[in-house]
Amino acid sequence: MFNATVGNINNLLWGSGQLLIYILVFAGFWFSFKLKFVQFAHFRHMFSVMKNSTKGDSAGISSFQALCTGLSARVGTGNLAGVSVAISLGGAGAVFWMWVIAFLGMATGFAESILGQLYKVKDDHKEYRGGPAYYIKMGLNKPWLAVAFAICLFLGYGFSFSAMQANTISDALNHALDIPHMYSGLAITLFAGVIVMGGFKSIARFAELVVPFMGIAYILAALTVTALNIEHIPALIGDILASAFGLQEAGAGALGAAIKNGIQRGLYSNEAGAGSVPHASASASPTPNHPVAQGYVQMLGVFVDTVVLCTCTAVIILLADLPMSGEMEGIRLTQDAMTAHIGEGGIYFVAAAITLFAFTSVVANYAYAESNLHLFKLDNKLGRGIYTSCYLAMVLWGANASLFHVWAMADMALGLMTLVNIFAIVQLTPTIKALFKDYCQQRTTQMSSPDQSKTKPEISFSAQNIDYQGKLYSGIWDKK
């Protein structure tokens, strides 16, 4: 009965109903239009915001740590195994649609991260907490919907997603080193438990150390593979475009599969609109001193995750020219592709990469769900203990479960979260626009100040300075 229920929900969201595909495309165009295509117009500024963003305060993490924490949840199974799934089921054209949803998703991620930074609170432990459940409760005044999102989040990030990441790690290690799934599952559970016991700041510090290292190493590996096969790149690009628009022999059927799997796996990878990354945005200290700054930080995360890292995996797989069965294939396809390029060492390199990628996601997922314990007044020893025990149990279960069942649960949880979050952020569009307008006006003033001035006017924010129907939330911003 459980499998049937999960299957029916996924069929509505991702299958014949394709409800989420339409909603995500709508949200991407909606926020791109409302925010004047910020992902293109402010592309360079997106990088400059990261300057002077390495320091947090006593209550929060730095913007760089927030970016790394967001990337640690994004960069994982979706980048290596998810791309394999998309290509195995949707062909090379799925890669193009991953790019499309990434660029549209950059605007959606920008919007939700602004709200995550605005509607934040300090908990009893003097740490910043926030996320969709908070802006739904305080911004929309819909406590029941906030609870519904929090439940979906616990189902997804608290349990299903970490189980799926553990499943991918154990499968990669089994394929490379013949390590039994149970042994690797126990090791993952043990190490995850040690890190998450240190709280959000411990997770952020871990992400800050691991994410840049693993990302750069993987990009260099993909660039090496590209350089060794440079003569095949034009044909590869042509194949991606032809497959993306159904111009090959399979026709319309291949087109539908490419769009469906590209968007589905693109969303799973970059999480734009799913409501996960606003938790990392909320945990960041308000430096630079405006909520919109975190929008740029996490918009950069979407770009790095999908346009850069997913493309690296796609290049590795497609240049290997391995036979495709048409059945779902996971991390082993990426391992086999890398082996085809660099020999036996490829299988071990991908196993090491996915272990780091997916493990950072396992611990970041814990932090996202744990942030919502505050809503239920369960952020005490008993509440945290029960949640942590269930989370670690799901990690261990996921390492030994089947690929199909783990992905099905993750797809359902992600879909339900996204439905609630997109509804909320579309409703809060006027708030997002008011904040964005205020930021742009201050930035224009800053840019027009004389060059010889040593101190340009700081971009800062106070809800009291923005007359928006009295609905803007001040929170910590007017308490600093």
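Helices (H or I, at least four residues) and strands (E, at least two) are DSSP runs, numbered from the N terminus. In this predicted model, local features need pLDDT of at least 70 and side-chain atom pairs count only at pLDDT 80 or more, while totals for chains, interfaces and linings use all residues. Residues are numbered from 1 along each chain as its sequence is written, and side-chain values use heavy atoms, with hydrogens and water left out.

The secondary structure of the protein consists of 20 helices and two strands. Of its 480 residues, 60% are buried, that is, under 20% relative accessible area, with exposed meaning over 50% and partly exposed in between (1.4 Å probe, protein chains only). Among contacts (heavy atoms within 4.5 Å) between residues at least 6 apart in sequence, 82% join residues at least 24 apart. The protein exposes about 18,900 Å², of which carbon and sulfur atoms supply 65%; accessible areas come from the Shrake-Rupley method with a 1.4 Å probe, and for residues only the protein chains shown count as cover.

Phenylalanine 64 lies in helix H5, which spans residues 63-74. This residue counts as partly exposed because its relative accessibility is 26%. The C-alpha atoms of phenylalanine 64 and valine 297 are 8.0 Å apart in space, although the two residues are 233 residues apart in sequence.

Phenylalanine 37 is located in the loop between helix H2 (19-34) and helix H3 (38-41). With a relative accessibility of 36%, phenylalanine 37 is therefore classed as partly exposed.
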